Structure formats: structure tokens, C-alpha cells
Amino acid sequence: MTQLITTNKGAKLPQLIGQANAKISQPKLSLAEMYDAMMEKARYEGPYQSIEIYVMQMFNASHIILWVELPHQDLFYSPSYSLVCQEKKSIIATAFLTISPMSIKCQKQSQYFCKGLDDKVIPENYSVLTIPILNRQKHTIAVIQVAKKPEKAFGPADMQIADWLLSKFKIYGSLLFDDTNILESAIGAAFTDADEETINNIQKTLQREFGCRRAEIWRYHNKTETVNKVVMDGKNVAYQDEPTGCVSWALKNNQIIIEQDVQQAPGHIPSIDGCFAESIVVYPFIENEHKVWGVSLRGRISGFRNSDIAKLKTIVPIIIRSLRIIIEKNKQPPEKDTKKQGLTALLDVAEQLSGVLDIDTLIPMIMQRSCDLLEAERCSLFLVNNTQTELISYFHAGLTTEIRIPINTGIVGVTATTGEIQVVNNAYEDPRFDSSVDKKTGFKTRNIITVPIFNNRGEIAGVTELMNKITSDAFTEDDVSLLRGFNVFCGIALDNSRLYQASTELTKQVSSFIEVSSGLTKNTTMRNICESILQNAINICEAKSGILYLLDGNEKITPLISLNTNRETDQLIVKRCIENKSTVVMTFDEVNEYLGKTKGPPKQDKSLSHQLSRVNAAMSRRILPDMFTENSICLIPLKSSDGNVLGVMEVDTTSKLMTESQKLLECFAVFASVSLERNHLKDIAQLGSHEAELKQQMTRDERDSTTNIPVHLHLPQRTVTQLWTINFDSLDWTDIGYFQVVFAIFSRFNLQQTFNVTNEKLYRFLIELRAGYRPVPYHNWAHAVDVLQFTAYQVHISHLDEKIPKVELFALLVAAICHDLNHDGFTNDYNVKAETPLGILFKNQSVMEMHHCEVTIDIMSNDQCNLFSALPPQQFKQVWNLVINLILATDMAKHFTILQEFNTLIDGKTFSMENENHRHLLLQLIIKVGDLSNVSRPFDLANRWCAVLCEEFFRQGDLEMARGMQYSSALNDREHLNKEKSQIGFYTSVCLPLYQSVAKVLPQLESNVVQVESNLETWKSADEAKIKKEQEMQMLSQRGQDSENKDENAEKTEKVVRKVKPVPSNLQTLTGLVLTRKKSVMNTIAEFKV
């Protein structure tokens, strides 16, 4: 049966259908029911008006427009209103960039509002809500634009509905909009130049999309009442007279015909429409009151459906628009065929560009050819940088150097950020125009055209800007088309050039890496290898200069290699790289700012300031001064396999350092690290670890010196004063720092020169000592240096060095640093009870002290470490006797005996510094004070050392418990030690008497006594606070116990009362029951007591 739909004369058919359907009264439906109905309707009539009808009801809106994206045409289209949006700055274009609903209270107040587009259907003061429809790739393919009157703005409930629709369309959106190909084909015809094949192309597109045998376009003119078939005659639209049947009836009556058998269609004429069953669709479109256009489709085997009508509703207005454009163009007077000439020239240019791969050759050629094509005076080519934040400019004439500008600057910035072509025919009247370049070059810009260049990924890679049309006063649309085509070839050529450049760079990088790798295997010096690595790094990254710094064991930074520069970067910057153990990249401005914050304004005589002044001078010579801030330095730490920093590689660049270049530099830094570490390991293999260390710490000339400390072994200036105070904290010193302390002490008393101890011998001696001390918690290398320092401190402030022979001072300091050599962390008592080898060997003697002497003798037996080797025989024997006696004196078992002997001399006033035995007894007390020196340091430091010592005691106690032994001392009991009381006892009975006795002979050491007494009071206060806290806890515990007892008694009393029977209310029997009651109560109480 034939389906007919009548239209009103003079109105657009799609709009009339939308209005009619919107007025259909329907029962109140839920959102889900409306959505299901909408999807069902879309199956047969298409999505456009189906969505508009139901979504309009969901929001109770006054207006609704459904926009679809046609990406190949770069525009948005509304099928229902036949509207096209090409404006990038509009509410619609913005909605297509979002993936969530957007609500605007008043659209004219929106920053995206486009006058003349956004208000073409919806009044400018209405509220607008946009809902994107996404495909499965989360790309916006359509937008629903809903509007309400100003007094009915969209609220939270509307946003919830919008979010719900968004989630629904994410699933089914791609299925709804599967007919955009035919839509794009139709719109493409409307926006392209017509030729002989325009109508044929449209007809072929219709035949292909609808699967029909024939498609035709018709026109009906109601004044002449003639129906003509539309054909192309060359480039002109012609109206061919041809007999009509069904088509004539449909166009004259404004009715759509859809029939599966043409013989049943109204107006059928057998001689014209055929005498066999064939499906037919005729779709009329009213242009105005005089013209009606139509499209007829015939011969679809499966027949036509209502969904085909929906498609025709969408595309017929576009097809008619394309015909009108062709007709309007045909009315214009003929022009000379410059387009053909332009295309010929364009093909010639494309052939030339395709053969150029060198970017430096290609860019000038692009600018020259574009000027030739468009007959312009000048061209500028702007390329987008890698971070897409700047445009790098190249000029055809005028300026000879590139400049960099922010990507959103000026007219060219609009094209670079939006991709829109800009034609400005009066440059100085456009506020976006920057006239600064004209002022610099004397060039006068009249008109401008800017066209984007796209790469193979569709991204904007650059912009071509041409200025001043030579043959006319303005650039034309033909110029735009020609330059657009030219830029396509430019984009391809630039891509090819960059790929070629990238492959060339990669080849250079691989060659450079191969060269560096082969250098590592050659038998050459470490310096030559590192110089080759640094040079390759500079070349491959096109840097200006480079420096390679070494970090020695003293943390001193020394430049090893400098290439193309005679300056050094401020060491604060290098130290920042070392401390962070990571790459540091800074511009010169950032360097200046960092140094200003770190150490105040830089002095004028510093090399960095000199460099900055050179920078400023160079900047003043450039066209754009602020561009020089791109110069930067890159510092990369050179790390060993165990993560320690060996040095720093610095590279100075003349442009901003890209991420790729930084990664390359880090690769070269790895090679440099391997070279440095390999050289160090080679030294160890050839010379031994001691010799390698010596080589690192002192030069050949410094080795034999007895008067000058090696440069690397000088104490840092900030620590020199601390060395001669009780504030010295060896726990905070590094390994090389201990060596520096010993050298400083020996130098203070001039021991090396006096006893001919070379730097090399002293250093080897200290290496052996460091290896001899075990890594136990307390009696270790740090404790040895700590005792040496305090012993030297006592000598220094008491001027003891002026009162005793120099050789005795020498013996005292050697004994101090050797006194706990190879200590195993266990006491003499433990070694004897546990019957360790040492306990058996030195049983009934000072076990550990004898062992310390034994190891000291063993080390000094090596001529390379023998500090006493230059002594004459008699003095040699004297020194060894004194060293051994001093070490043995540190045995706490002998403490009171030695102290009593000394006090007897003092009390009897018989002590004399002239008496050798008396002096040696004093030296024994001096070394004992050094051994116990922790108690006379500031309390915080004394407490730290106490914690370390306790841990060593606990370690022994844990082992004793594991072996089933009794604790050697209460100090070994980890669980029950009262540290405060133990320290009070130790200070009172051992330390204080010792310090007081020494101060009697050396009054300058009275300050140590004061510090011991101060620490003792602190321990007593801590003990009292601890006792008070324990008492408070005990009282709280007692109160809790009393409360429990009280509750228990109350409970017993309650049980007693429950056993007593109630007293009768009858007063006559009360007296008789008193005695009985009393007896019962007494029995019950007695029972509870039992």
C-alpha cells in the first residue's frame, strides 16, 4: 500500500515533521521507556528527529538541535535545520571537544558564544545544555543541544538526566550514526567546486548508499507548472524536459511516495514508470513558494523502508544546496583560467620538493616556491617545536636568524592553535598583528595569509605566512586553495626530511657509541678515553662545551677534562648534582637565581659572573634578547656499580635541551662511569687496594714528605676548631675524615718530622689499623680515633707536650689509637669463662689488652707501617715498653691499683714530672681518661656513646644466655638494666675520681671534671624522674587493687544480707524472733569467715 506524507507549502519538510511529531500527545512515560521508544523509532525513521522528539520531552525544553560531526569536511551539521557550523569558536564546536554534559545559564554570556550561529535557532538569552554522544573510542560523534527559556534554567535534576543519557549513548551511539558517509558525500558536494561529474557523482552516491537501480534529481516550477530532470551540461546545471509520472504527482502535491510496486503508486503512467513491479521513493523538497525539488529512487530489490525516508530527510537539503551553489557560480562572468595554471605550478613544486631531504635546503625552497605560487613579496615559515609551546620562525627575507615566539602569539598563532586559515587584507588594522618585525627590517606589511601545515598524523606541524600580494591588493579564495594544496606537499616534504634527519642522527649516534665502546677496549689512558667520550657527547648533542669533574675520597671536586671552555661551573651547582645523585638541567637564569638564593649576590670576580656578563653581552646583540635564556647546562652524575658518585659530566648547550638529548648524554655518562671505575679496578689489580688508595689520596711528591700534609688529607676548615674541643663527635665523621684527624694531630705536635715518619708510612699504618679494628658496636675504628682525639686534646690544653719528652708523647698517641686493636666486642671475663682461644692464651692476664699489643706489634713489624723504624735502638726499646704499658693500663681490672698508686704520690706530695716512672704513671691515667672520654663530653654526645656501649654489652649478654652461661655483669642484661643507676655508679666510683686525680697535676683539665659532674647530675635527675614515675604508677596500681578489694567485700556483705530472712510485719512476733535472728546472722558471718 502506498504511504503518503503531505507537507505544507513554503516550509522545510524536516522541520514540519519534527514539529508534528513533537505535538503528538503521549501518556506519561519514564526515562527508560522514552529511551526505548526513541531507539525503536530511530530504527525505522533515523536517529536525528527521533532523538530530538524524545530528548525534548525528557527535558521539557523549548528548542533542541542534534548536531553530527563530519570530520572529513571539518564541520558540524544539523540535519533537521540544514545548518552548517564551521566556526571553531562557538558553543557547538566547544561541545564537540568535551566528553561530558555542559550547562550554560545564558548562552550569550558564554565565552564560546558565536553571534549569528549559536543564536540562529535558539535565542541568545536562553539557557543551553549540550550532551555529547561518544563512540566506543570515546570520540564525540554528535551533540544534543537543548534550550530552555531564561526563567527555566537547567538544574541538578536535568544534569542527572544528561549524565544518564551520556552513559546510554556510550553503548549505542556508534550504532545510531552509521550513515554519516552519505551525509559527508552530500556536504562535500556543497563545499567543492562543481565540474562535469558533480550531478553524476551525487547520483552514483545515492545509488550506492540506497542500493537502487537508478537515482534522479528533479525540479518543479509552479509558475510554469513544468517538471524537469536536472542534469549537467559541461559545468552548467541544465533542466531536461522529460515525461514524468509518479514524480510529477509527488512534486506537484508536496507528498512523499514510498511504494514497493510502482504500478500502485499515484500518478503512475505505464509508458513512463514501467509496467512491472519495482520499488520507488519520491522525496520532494520545498525551496520556496515557486520551486520544489525532488529526488527519486527506483529499483531496490528489497524495497524501501521508512528509515530510507529518514536518510533522505537528512541529505536532500544538502544536495539541493550544492546545486544552488553551482547555479550561482554559473551566473558569474567567466574569468581567466588561473586555477589550471596554479595547479600546474603546484605539481611542478611538489616534484621539486619531493627530492629534497636536507631540512636546511628544504625550508628556503618552501618559502621561495610559496612566494612564486601566490605572487607574494615575502614568506615566513613557522614550525611548531617539540613541546608544542613555541613557533620557530624562518624568514624568506629581512631577518637572517630564527626567532621563537609563544605558539598563541599574533595572527600566525591563531592558525597554529586552531588550524584555521587567516586572511587579513589590512594588517595594521588587525589588533593581532605584531609590527615589531616591520620596525626591525623596514618592511611594510599590507596583507597577510596564514595556512596550517599538517604532518602525517594530522597534527599542526607549522604555518606558512605570506605577505603582500604583488598582483593585487588582497589575497583571494583561489590563493587560499592553492596555498592549502601547497602546504599538503610541504607537510609531506617536512616529514620526509625529519625522518631522513632522524635516521642520519641515529646513524651518528650508533657510530659514536661504537667509537666510545671500542675506546674502552683499547690500551689507552683513562684521560684519553674520557676525553673521547666527552667530545662525542658534545658532538652528538650539538653542544657548545663540556667539563668532566672527578670526586675524590675527600669529596673534593676537581675538573679532569675541559673541552671548548676555560671556565668552571660554580661548585654549588656541581654539588647539587652529586647530593641528588640525579641529572640537573638549568638555564643560565636558573643558575643565577639558585646561586643568589644559596650564597647571596655573586661577586664580580667569579668565573660564573664573568660568564653571565658574557651571556648578557651576547643577549644584547641578538634580535630578541629573552631568547638567549634557552642556553642551559646539563650535569649528570657518574656513578659506580654500587651507586657511589665518582664524578660529574657537564655539557653546555646553546639551545633548550630536549629530552632525547638528555637521554643521550646520560648514555655517554654511563660510558664515562664505566671508564672511571674500570681505571680504579685496574689500579687495584695492578697495585693492590692500598696502593690504589694511596694513589688517589696523595701524589708521588707528597708521599715522601714529613713536613706537609697531603692536600687531600687536610681537615676542612670548618672542622679544625672542633678538633681541639670536647665537642668532637667521631660518630659523625666519614672514613677519610678519620685519616685527616690523625694527620692533623701528628702535624700539630710535629711528630712526623721529628721521628722521620713520611706521609706514605703514616697512611699505610692507618690503613692497617682501619682493617684491624672489627665492626663491633663500640670498640671499633671510630672509638680508636675518638680516644686519640681526646688524648691529644688533653695534651693540647694542659701543654703537657712541653713537659714530657717528645718520644713519650709519640708513644702516648700511638698507644691511644692502637689500644683496642682487633677488639672482638667481649670482655676479658667472658673470654676466660667461655674459654675462647684468647681466653686460654692469656688466662689470668689482661686478655684483650694483651691481644691488642700483639696485633699492634704485628702491624708495626711491617717496615711499610713501622712508625718507629727511624728511632735509635735504645729509644726504640723505650717507646715499645711505654706503648705496651699504656695499652695494658686500659684494663679496667687494673684501674683502682693504678689510681691508688698515683694518688699516693699526689697525697704524699712526692710526684715529680722529672721522675720517669711518675710521668709514665700520669700518661697511663691520661690514656685511661681518653678511653673513658665519653663521660666528659656534652651530655647528648655522652648519652649517644652510652647507648652504643650498652648495645655491645647486651650483645655479649645475649650470647651468654644462648650458651647457658651466667651474665658476666648486670650490664649485660638487656631486659633489666637500669641505665641511669649504672651510669651514676660508674661516674661516682670510677670516672670522677680519675678525672679529679689528673686535674690535680694538670689544673687545666679541671674543666673536664666540671663536665663530668654536670653529666652526673643529669643522670641523677633522670633517675629521680624515673623513680617518681614508677612510684606514681605503683600508687595507681595500689588504688586499683584497693578498689577491687572493696568491691569484693561489698559483694560478700550483699550475700550475708540475702541469707537473712525478712522481718515480719506483725509487731507481736518481732520480740520473739530477735534472738533467733541474731543467732542466724552470727552463724552466717562465721561461715563466711571460715
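I took helices (H or I, at least four residues) and strands (E, at least two) as DSSP runs, numbered from the N terminus. The model is predicted, so I required pLDDT of at least 70 for local features and 80 or more for side-chain atom pairs, while totals for chains, interfaces and linings use all residues. Residues are numbered from 1 along each chain as its sequence is written, and side-chain values use heavy atoms, with hydrogens and water left out.

**Entry: T758**

I located T758 in the loop between α25 (751-754) and α26 (759-772). I then looked for polar contacts, that is, pairs of N or O atoms within 3.5 Å; within protein, one must be able to donate a hydrogen and the other to accept it, and residues adjacent in sequence count only if both atoms are side-chain atoms. A polar atom of the T758 side chain lies 3.1 Å from the backbone nitrogen of K761. For contacts I required heavy atoms within 4.5 Å. Apart from neighbours within four places in sequence, T758 touches R703, D704, S705, T706 and Q752.

**Entry: whole chain**

I recorded 38 helices and 24 strands in the chain. I called a residue buried under 20% relative accessible area, exposed over 50%, and partly exposed in between (1.4 Å probe, protein chains only). Of the 1090 residues in the chain, 50% are buried. Among contacts with a separation of 6 or more, 65% join residues 24 or more positions apart.

**Entry: C865**

I found C865 in the loop between α31 (847-860) and α32 (873-888). At a relative accessible area of 2%, C865 is buried. Leaving aside neighbours within four places in sequence, C865 is in contact with K761, R764, F765, E768, I859 and M860. I also noted that the C-alpha atoms of C865 and Y763 are 8.2 Å apart, although 102 residues separate them along the chain.

**Entry: aromatic rings**

I paired rings of Phe, Tyr and Trp (its six-membered ring) if their centres lie within 6.5 Å; planes under 30 degrees apart count as stacked, over 60 as edge-to-face and the rest as tilted. The search of the whole structure returned 20 aromatic pairs. One of them, Y35 with W164, is edge-to-face, at 5.8 Å centre to centre and 75 degrees between the planes. Y35 lies in helix α2 (residues 31-45) and W164 in helix α5 (residues 156-176), so this pair ties together parts 129 residues apart in sequence. Y35 is buried at a relative accessible area of 3%, whereas W164 is partly exposed at 25%.

F790 and Y793 form a tilted pair, at 5.1 Å centre to centre and 55 degrees between the planes. Both lie in helix α27 (residues 781-798), three residues apart, about one turn of the helix.

**Entry: positive phi**

Most residues other than glycine have a negative phi. I noted N468, not a glycine, with a positive phi of about 65 degrees. N468 is in strand β19 (residues 460-469) and is buried, with a relative accessible area of 0%. N750, also not a glycine, has a positive phi of about 55 degrees. N750 lies in the loop between α24 (735-748) and α25, and is partly exposed at a relative accessible area of 35%.
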